[in-house]
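Thanks for coming. Please look at the model on the screen, and I will go through a few parts of it in turn.

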Amino acid sequence: MDTEALRSFVRAAELGQLQRAADELDVTQQAVSKRIASLERELEVRLFTRTARGVELTLDGQAFLPHARSIVAGVERAVTAVRPGSRALRIDVLGLRSAQAVVLHDYWRSHPGTDLDVVTLRFDDPRAAVAAIEAGDIDASFRTVTDPAALPSGLRMIPAFDSPLELLVGPGHPLASARKLTPTQLRGHRIWVPGIAPRSEWGEFYDQLATEFDLRIDAAGPHFGDEVLLDTLAESADVATLIGARDRYIWPTNHDLRRIPVVNPTLAYPLSLILPSTNPHPGLRGIITHLESLPSIPEPVWRPSWAATPRHRVSGIGIANARKRQP
């Protein structure tokens with residue numbers, strides 16, 4: 001069924017005149033008449049009768065009008081949902097419990113009128129997110145292309161915020177009673193991080209982290225989800241994992257899991273925001289301002305090589321790593 005014919009019928013019914021409907025739709029009266037006539041032929045009923053003042057709905061027209069209105073409204077909502085600049089701001093995050101999702105939720109709570117659509121692309125390779133932005137499927141992504149030369153010219157990547165890591169352990173772990181830990185104290189302990197995928201930014205992050213501090217990062221076995229990971233930690237006396245300080249995890253109280261900050265240096269997972277270089281969604285302006293207002297992590301901080309730049313105000317061990325790893 002022709003949606004323009006439906007739209008013409010609805011406006012003519014609401015305004016009572018074909019000419020007024022044509023003026024509003026920016027077409028000729030003849031075009032409106034032809035659309036309605038075509039609709040009547042398709043339905044095999046009369047929708048209007050002509051009067052001295054214009055047109056009036058027949059009984060069939062009155063019965064059809066609410067359904068036609070519903071169809072026209074649905075089409076308009078569908079178009080709005082995919083039109084950049086008019087649809088909701090669509091941002092990709094690594095997970096709905098991740099630090100990025102938490103930060104976006106904080107922004108939305110302080111700006112409740114924001115039309116925001118938070119999505120999770122089921123891709124490990126950040127190049128897939130880049131392709132989604134180029135295609136207009138999403139407006140921005142909290143992903144990192146660790147080689148800036150691989151970023152297409154039509155996109156840019158800006159630092160979003162650093163996510164400090166914490167050690168998560170069960171009550172029987174040897175480090176469970178610690179209030180703070182240094183990276184050196186993690187040596188020799190099994191740090192289980194299931195789900196490290198090839199070509200992922202977090203795969204490169206953990207490779208550099210393990211090399212820098214001589215840590216035992218174990219990615220063995222399939223990842224059956226956070227619930228299984230948390231159950232394993234609660235039952236184990238030798239397995240730990242690393243999580244972001246803002247990451248949201250929920251577990252039964254009898255698990256008695258402990259989140260322990262890692263300091264001297266703080267291990268920072270750097271999060272970036274990829275967005276179009278020109279004509280980004282207007283809603284991104286407020287998001288970026290919010291990201292810039294987030295507090296920085298107290299020094300000293302360790303970051304992987306791709307984030308150890310002056311823009312992050314790296315000092316101490318971070319500068320040493322940057323110099324050592326960058327070509």
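Glu227 is partly exposed, with a relative accessible area of 46%. That counts as partly exposed because the class runs between the buried limit, under 20%, and the exposed limit, over 50%. Keep in mind that this is a predicted model.

What does the side chain of Glu227 meet in a salt bridge? The partner is Arg97, at 3.5 Å from N to O. This pair links distant parts of the chain, since Glu227 sits in helix 8 and Arg97 in the loop between strand 3 and helix 5, 130 residues apart. Arg97, at 35% relative accessibility, is also classed as partly exposed.

In general, side chains of opposite charge can pair when their charged atoms come close. Over the whole structure, the search finds 14 salt bridges.

Another one joins Asp92 and Arg143, with 2.7 Å between the closest N and O atoms. Asp92 belongs to strand 3 and Arg143 to the loop between strand 5 and strand 6, so this bridge ties together parts that are 51 residues apart in sequence. Are these two residues buried or exposed? Both Asp92 and Arg143 are buried.

Arg258 and Asp256 form a further bridge, 2.8 Å from N to O. Arg258 is partly exposed at 26%, and Asp256 is partly exposed at 36%. There is also a network: Arg11, Glu14, Glu24 and Arg69 are joined by salt bridges that share partners.

Which element gives the largest share of the lining? Strand 9 does, with four residues. Helix 7 and helix 8 are among the elements that supply at least two residues each. By class, the lining has 17 nonpolar, ten polar and eight charged residues.

Helix 7 has 13 residues and reaches 19 Å between its end C-alpha atoms, close to the expected 18 Å. Ten of those 13 residues are buried, so helix 7 is largely enclosed by the rest of the structure. The buried ones include Trp202, Phe205 and Leu209. Just after the helix, Asp214 has a positive phi of about 55°.

Last, helix 1. Its 13 residues should span 18 Å, and its end C-alpha atoms are 18 Å apart, which agrees. Asp2 caps the N-terminal end, with a side-chain oxygen 2.9 Å from the backbone nitrogen of Glu4. Gly16 follows helix 1, with a positive phi near 80°.

Technical notes. Residues numbered from 1 in each chain as written. Predicted model: local features only at pLDDT ≥ 70, side-chain atom pairs only at ≥ 80, totals over all residues. Heavy atoms only, no water. Nonpolar A, V, L, I, M, F, W, Y, C, P; charged D, E, K, R; others polar. Expected span 1.5 Å × (residues − 1). Buried < 20%, exposed > 50% of the residue type's maximum accessible area, 1.4 Å probe, protein only. Polar contact = N/O pair within 3.5 Å; in protein donor to acceptor, adjacent residues only side chain to side chain. Salt bridge = Lys/Arg side-chain N within 4 Å of Asp/Glu carboxyl O.
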